[in-house]
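Reader: I would like to go through this structure with you and ask where the labels come from. Could you show it first, please?

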Amino acid sequence: MFLGSGPGTTKILLPYVNFLNSTEYVRTFVWLHNDWLQFLIEYGLCGFVLACFAAFRLYKISEEKSLVVAYFVAMTFNFPSHWALHCVVGWLLADVVVYKE
């Protein structure tokens, strides 16, 4: 738990955990629907603390705090880091809130 299972291993772990805990066929998800929790599982406590620190720094230096909060809330209830377009939006959002001119 301290170092995590490794990047991208949730695709392997979730079907296996579903198989162990189920007596019948259950639809298997390959991503958690919470990026923060998935980050904690894959990168461990060390990586999660670093990610939270980076998120806090982004929030602190941003001029548009509501945009940052909105994206972080989306990461809590959805999984935007797993879709290419949402990742691009996240990086553009970070650029806008840090380098606003």
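Author: Gladly, and let us start with a definition: buried means under 20% relative accessible area, exposed means over 50%, and partly exposed is in between (1.4 Å probe, protein chains only). This is a predicted model, where local features need pLDDT of at least 70, side-chain atom pairs count only at pLDDT 80 or more, and totals for chains, interfaces and linings use all residues. Residues are numbered from 1 along each chain as its sequence is written, and side-chain values use heavy atoms, with hydrogens and water left out.

Reader: What makes Val89 count as partly exposed?

Author: Val89 has a relative accessibility of 43%, so it counts as partly exposed. Its place is in helix 4; helices here are DSSP runs of H or I with at least four residues, strands are runs of E with at least two, and both are numbered from the N terminus.

Reader: Why is Val97 called buried?

Author: Val97 has a relative accessible area of 1%, and therefore it is buried. Val97 also has its place in helix 4. Leaving aside neighbours within four places in sequence, Val97 is in contact (heavy atoms within 4.5 Å) with Leu58, Ile61, Ser62, Glu63, Glu64, Leu67 and Val68. Val97 and Glu64 are 33 residues apart in sequence, and their C-alpha atoms are 5.5 Å apart in space.

Reader: And Ala74, is it buried, exposed or partly exposed?

Author: The relative accessible area of Ala74 is 31%, so Ala74 is partly exposed. Ala74 lies in helix 3, and beyond the neighbours within four places in sequence it is in contact with Phe79 and Pro80.

Reader: What makes up the largest nonpolar core?

Author: A nonpolar core is a set of buried Ala, Val, Leu, Ile, Met, Phe, Trp, Tyr and Cys residues joined through side-chain atoms within 4.5 Å. The largest one has eight residues: Trp36, Ala55, Val68, Tyr71, Phe72, Met75, Leu93 and Val97. Helix 2 (35-61), helix 3 (65-77) and helix 4 (84-98) are the elements that give two or more residues to this core, and helix 3 gives the most, with four. In soluble globular proteins, nonpolar side chains tend to be buried together.

Reader: Which residues lie nearest the centre of the largest pocket?

Author: Tyr71, Phe72, Met75, Ser81 and Trp91 do, out of 22 lining residues. On a 1 Å grid over the protein atoms alone, a pocket is an open set of points where a 1.4 Å probe fits, with protein on both sides within 12 Å along at least five of seven lines, and lining residues have an atom within 4 Å of a point. Helix 2 gives the most to this lining, with ten residues.

Reader: How do you know how far to trust the prediction?

Author: pLDDT is the predictor's confidence in each residue, from 0 to 100. The chain has a mean pLDDT of 77, and 83% of its residues reach 70 or more. Where pLDDT is low, the predicted coordinates should not be read in detail.

Reader: How many helices and strands does the chain have?

Author: The chain has four helices and zero strands.
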